[in-house]
Amino acid sequence: MAPTGTQAQPLIVLHPHASRLHDPAIRRVLTDALIRAVGARTGLTPRVADGSVEAAQAAYAEAAASRPPVVVVAGGDGSVRQAAAALAGSGVPIAIVPCGTGNVLARGLRVGGPADMARALPTA
């Protein structure tokens, strides 16, 4: 939880098994771009959770308690569902970066795919 009088850091979660993030170079480029974009939008340095499903779950639980300005989820539909379930009722907004195989939710919301996200990040 954030200390009294300070705002919690934005959270970026990269799902460890997201199909479009298997290449370490792509993962690194996306992580760097998200850190810059989220930092520019919030004025805060984001925290990155990138490791295991359990680490993501712990990060979501901490975010529900500390209420950061945004949680960015880079993953597929299951990753977004996991974040939404953990953050339900907290009032913390979730930003979706579709990096899964199907990205059904992102398509349904007309969010776009990874290529669209890469083009949008420099202007975010």
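So, which residues have the most contacts inside the largest nonpolar core? They're Leu11, Val13, Tyr60, Val71 and Val73, in a core of 13 residues. By nonpolar core I mean buried Ala, Val, Leu, Ile, Met, Phe, Trp, Tyr and Cys residues joined through side-chain atoms within 4.5 Å, and buried means under 20% relative accessible area with a 1.4 Å probe, protein chains only.

Quick caveats. This is a predicted model, where local features need pLDDT of at least 70 and side-chain atom pairs count only at pLDDT 80 or more, while totals for chains, interfaces and linings use all residues. Residues are numbered from 1 along each chain as its sequence is written, and side-chain values use heavy atoms, with hydrogens and water left out.

Okay, the sheet. It's open, with 4 strands in the order β2-β1-β3-β4 and parallel pairing. Strands here are DSSP E runs of at least two residues, helices are H or I runs of at least four, both numbered from the N terminus, and two strands pair if DSSP finds at least two bridges between them. β2 (47–50) and β4 sit at the edges with a single partner strand each, so one side of each has no neighbour in the sheet.

Now β3, residues 71–75. 5 of its 5 residues are buried, so the strand is largely enclosed by the rest of the structure. Val71, Val73 and Gly75 are on one side, Val72 and Ala74 on the other. β1 (residues 11–14) pairs with β3 over 4 bridges; Ile12 has Val72 as its bridge partner, and Leu14 stands opposite Ala74. Then 5 bridges join β3 to β4, residues 94–98, with Ile96 as the partner of Val73. From β3 the chain goes through α3 (residues 77–87) to β4, a right-handed β-α-β crossover: with the strands pointing away from you, the path from the first strand over the helix to the second runs clockwise.

β1, α2, β3 and α3 each supply at least two residues, and α2 (53–66) gives the largest share, 4. Look at Tyr60: leaving out residues up to four places away in sequence, it touches Leu11, Val13, Val71 and Val73, plus others including Ala83 and Leu87, with contact meaning heavy atoms within 4.5 Å. Apart from this core lies another, of 12 residues, among them Ile12, Ala18, Leu34 and Cys99.

How values were computed:
Buried means under 20% relative accessible area, exposed over 50%, partly exposed in between (1.4 Å probe, protein chains only).
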